[in-house]
Amino acid sequence: MTWADWFDQLAFFVVAGITIVAAAGVVFVPRIIHACLCLLVALIGIAGLYGLMAAHLLLAIQLLVYAGGIAVLILFAIMLLHRRSDGGILGGTRNLIIGLPATVIVWFVVAAAVIFSKWHYLPGGGTVSPQADSNVRIIGELLLSRHLLAFELVSVVMLMALVGAIIIAREDRSTDSGQQVAGQQTGESGGNAQ
Amino acid sequence: MILPPVGLLHYLILSVCLFCFGLLAVITRRHAIGILLGIELMLNSANINLVAFSHFLSPPHPVLDGQVFALMVIALAACEAAVGLAIILRFYRQTTVTDVADAKLLKW
Amino acid sequence: MLELAWIIPLLSFAACAVLLFFGSTLQRRMGEAVGWISVAGIAAGIPLAVGSLVELARGATPVHYSFLWAPLGVRLGGASSNLHFGLAVDALAAVMLVMVTVVASCIVVYSIGYMHGDKRYSRFFAYMSLFTGSMLLLVLADNFLVLYVGWELVGLCSYLLIGFWFERRSAANAAKKAFITTRIADVGFAVGILMLFSYVPSLNFAEVFAAARAGLIPVTIVGVAAAFLFIGAMGKSAQFPLHTWLPDAMEGPTPVSALIHAATMVAAGVYMVARLFPLFIISFGSAVLWGVPALLIVGIIGLITALVAATLGLVQSDIKRVLAYSTISQLGYMMAALGMGVVGFAAAVLHLIVHAFFKALLFMCSGSVIHGCNGEQDMRNMGGLAKRMPVTYWTTWAGALALAGIFPLAGFWSKDHMMAAVWDQSLAQPVYWIFFLGLELAAIMTAAYIGRMCFLTFAGTARSEAAGEAHESPAVMTVPLVILATFTVLLGIVGMQFIGGNLFNSFVSTEMPGSMAVAGLHGLAHGEHGFNWAVAGISTLMALSGLLISAVIYKYRLVDTGLLKRYLAPWYRAALNRYYIDDFFQATVVRGTLALAEVTRICDKYIIDGTVNAVGWGTRVVVATVIRLFDDFVIDGAINVGAWVTGFVGRTSARAVHNGEVQEYIAGFVVIAAGLAGMVYLVVMLGW
């Protein structure tokens with residue numbers, strides 16, 4: 001085992017350890033805001049794993065979109081809500097009684113599937129090829145050629161999500177001002193999930 | 001101690017662990033946002049799988065379809081987070097409740 | 001200028017697009033000045049067209065643009081065939097360009113006054129622009145495809161414009177008649193094109209002509225194809241017996257009639273025959289029908305048309321219908337001249353140009369008269385307009401004399417040139433004297449009916465209230481009249497050239513190679529005839545006698561028209577009924593189509609619908625009973641049992657599970673999913 005391999009191993013276990021611990025925190029920490037911060041750490045850890053697998057573009061996007069975008073968004077949302085704590089996993093009543101066994105079953109089933117499957121390794125897999133730093137170009141070409149349809153569909157879905165999120169979370173003016181006609185009020189609140 | 005070199009299985013097992021934590025969070029967390037956190041965790045574990053397959057099972061010249069899939073998943077996760085948070089905010093404003101266990105309007 | 005000639009139709013199309021899309025907005029802003037957009041689009045082409053003509057006259061080589069439109073791939077025989085979009089500016093096209101742009105500009109200016117207050121004002125000008133642009137495209141075409149495109153566009157525009165006042169049933173019918181008649185003829189045109197295309201892997205005129213000349217296409221095929229192409233021309237140029245749509249086309253606004261009769265629609269047919277003239281010449285040696293070659297068919301149809309239409313023109317009482325039959329007759333002249341072969345070619349083209357000017361003039365004059373008389377079109381209710389409408393009066397006479405062929409107006413020269421061609425041909429082959437006699441007879445009648453029209457309209461005293469209160473038209477209408485009248489007088493200068501060096505003749509005939517004189521056209525290469533005094537004398541005599549006859553009857557009233565009607569009763573009745581040609585078509589084509597439609601309808605309604613209904617009825621009666629019984633007992637019973645079971649389970653056990661706890665649902669779902677996945681895994685992967 002060379003030093004490089006050893007370092008690779010060390011890096012993986014350190015990053016994986018941090019990620020697992022942080023993920024456990026998401027589940028067990030009582031205060032929801034702390035859970036969110038744990039998720040942030042886990043997300044950064046996953047970005048590190050991407051880096052170890054030479055997926056540099058994904059690393060960047062993971063940091064920007066997840067850590068920088070989604071996690072912060074959730075933090076803001078938490079601050080908008082008044083209830084800060086739900087007691088974590090232990091605060092629940094009987095959910096744990098069903099949930100824990102269910103999760104353990106899932107873990108064993110999937111882990112067994114992973115370990116006992118015959119993975120079809122191709123020669124040279126797992127090494128970083130000399131073209132590794134041209135990942136971005138290749139991904140770009142793939143996005144605009146083989147996966148163009150999916151790419152376009154995702155863009156449509158994002159637009160729909162954007163519009164939908166705005167409409168759902170919008171201030172309901174008719175209930176705020178109270179000066180609207182009653183018919184309008186019912187008409188508008190009928191469109192929202194009541 | 002001589003460990004086997006880090007390979008596909010390492011990442012897959014790690015991914016399973018993360019997935020199960022996410023699942024646990026979804027099932028047991030009572031706060032709606034806690035559920036959302038769990039879902040994000042599960043999506044990320046799936047992403048790790050995709051990237052690991054792409055990395056370990058492809059020939060030396062990189063075949064990066066797995067990473068493209070991961071990108072799509074990230075994009076969709078962003079959508080899901082936005083809509084999910086919007087629903088939670090809306091629900092909270094309507095009922096001043098964030099606990100999914102209290103959302104039983106449709107029960108029976 | 002020659003390089004820019006392709007812009008000319010584009011300008012008209014641009015004007016059309018502007019008016020179509022922004023017409024109503026612009027009209028709100030500019031009022032009725034929107035018409036000037038159309039004028040600008042067409043008139044902007046005049047300098048380009050004149051410049052092209054001048055350059056070509058100075059000896060510039062014709063310009064030719066072509067780009068690949070649709071590759072058709074390789075055909076059998078190895079030659080690949082592609083469809084090109086090609087425009088070409090040669091002498092013939094340039095002459096036509098000048099004519100179309102000038103005449104159309106005058107007509108459109110005139111319509112600004114004429115269409116005053118119409119509710120679809122801007123759309124009218126959009127159509128006019130499109131019409132002119134289509135004609136210009138047709139003129140510039142260098143292959144059959146573009147020619148056909150322009151051809152059909154012209155047909156479409158004529159439909160739109162004849163039926164412009166479609167609220168009037170007669171206008172809508174006239175539009176349909178024009179469109180369907182020309183459509184039927186267009187089938188012949190298309191067949192001709194496809195026949196040639198099946199032999200030559202190109203639609204380009206030059207290549208097709210070259211192939212035909214080189215014998216790559218059998219001469220018989222060339223002849224038959226030419227005859228089919230001529231059928232198309234018969235429809236567009238209103239040749240007997242497909243002329244019936246043209247008099248009905250008077251239902252459109254008068255400027256439209258002027259445009260159709262002069263610059264665009266009917267000129268297309270003659271132009272097409274002229275453009276494809278080599279095909280007719282090459283096939284002269286082979287008979288198409290009853291021993292007659294395609295070229296002679298053109299001539300014979302032309303002669304019949306000239307005579308028939310002239311006789312019909314004598315009895316019309318509607319001022320516009322007189323002119324309509326006059327147009328048909330003159331087109332017959334042109335076709336007859338073309339039928340004379342190369343000698344008649346330049347003459348026919350010259351007459352086409354000249355006729356466009358004076359016929360547009362005459363139509364616009366008639367429009368001015370109608371405008372002045374408040375929409376009155378019947379000449380019997382006019383009279384005495386000479387003093388009330390002096391400009392219209394004088395310009396009408398200019399056009400009328402040109403039509404009659406009086407020296408030194410333009411019509412004299414072109415008609416004389418055509419007659420000279422017939423004369424030359426007759427000297428070579430005595431059979432052609434029939435043509436000469438027939439056309440001279442038509443010349444008398446031409447002078448007679450146009451004289452009749454002028455005398456009835458302008459001479460004497462007013463015969464109705466409207467005519468008594470007639471007023472001169474506004475300047476926007478009279479100025480184009482004066483311009484066109486000037487052209488009508490001055491175009492004689494072009495005719496003068498025939499005395500000297502045959503300038504126009506040799507210019508227009510530049511595409512006609514000397515080798516045209518093939519078997520059967522012996523001695524007919526390039527008519528180098530000078531001015532033929534004998535022909536000129538006879539023609540002038542005929543024209544003057546025709547005018548004299550009309551003056552005697554209608555101005556001095558020395559002969560009672562009632563008496564004439566009685567003496568000529570059988571002919572008069574037949575002519576009033578247009579020789580029953582319309583009735584014949586009505587009885588055969590229209591009735592036939594309607595009968596076929598009726599048969600189809602009956603088939604559909606009684607046989608097909610009947611079958612379907614019978615099946616439906618049978619099904620309803622037989623099956624419904626069975627189904628009802630089944631429904632009542634089996635299905636209802638099963639559902640009731642199912643509902644009872646569900647209710648029992650729900651009351652007793654399921655209630656505990658359905659507790660509304662989302663997360664418990666998820667947990668249950670996960671356990672079951674994991675269990676299933678595990679089983680699948682064990683079965684599939686481990687082979688249990």
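Predicted model: local features only at pLDDT ≥ 70, side-chain atom pairs only at ≥ 80, totals over all residues.
I started with A238(C), which is buried, at a relative accessible area of 0%.

Where does A238(C) sit? I found A238(C) in the loop between α9 (219-236) and α10 (245-248) of chain C.

Next I looked up what A238(C) touches, leaving aside its neighbours within four places in sequence. The list reads A233(C), H243(C), W245(C), L246(C), T305(C) and I328(C). I also checked G269(C), 31 residues from A238(C) along the chain, and the C-alpha atoms of the two are separated by 8.4 Å.

Then I moved on to chains A and B. I get 92 residues of chain A in contact with 73 residues of chain B. The size of an interface is often given as the accessible area lost when the parts come together, so I looked that up too. About 7,600 Å² is buried between chain A and chain B, and carbon and sulfur atoms give 75% of that area.

How many salt bridges cross the interface of chain A and chain B? I found one salt bridge there. R146(A) pairs with D65(B) in a salt bridge, with the closest N and O atoms 2.8 Å apart.

Which elements of chain A give two or more residues to the side that touches chain B? I noted α1 (3-28), α2 (32-52), α3 (56-80), α4 (95-116), α5 (135-144) and α6 (148-169).

Note on methods: Residues numbered from 1 in each chain as written. Chains lettered and ligands numbered in written order. Heavy atoms only, no water. Contact = heavy atoms within 4.5 Å. Buried area = accessible area lost by both parts, 1.4 Å probe. Salt bridge = Lys/Arg side-chain N within 4 Å of Asp/Glu carboxyl O. Helix = DSSP H or I, 4+ residues; strand = E, 2+ residues; numbered from the N terminus. Buried < 20%, exposed > 50% of the residue type's maximum accessible area, 1.4 Å probe, protein only.
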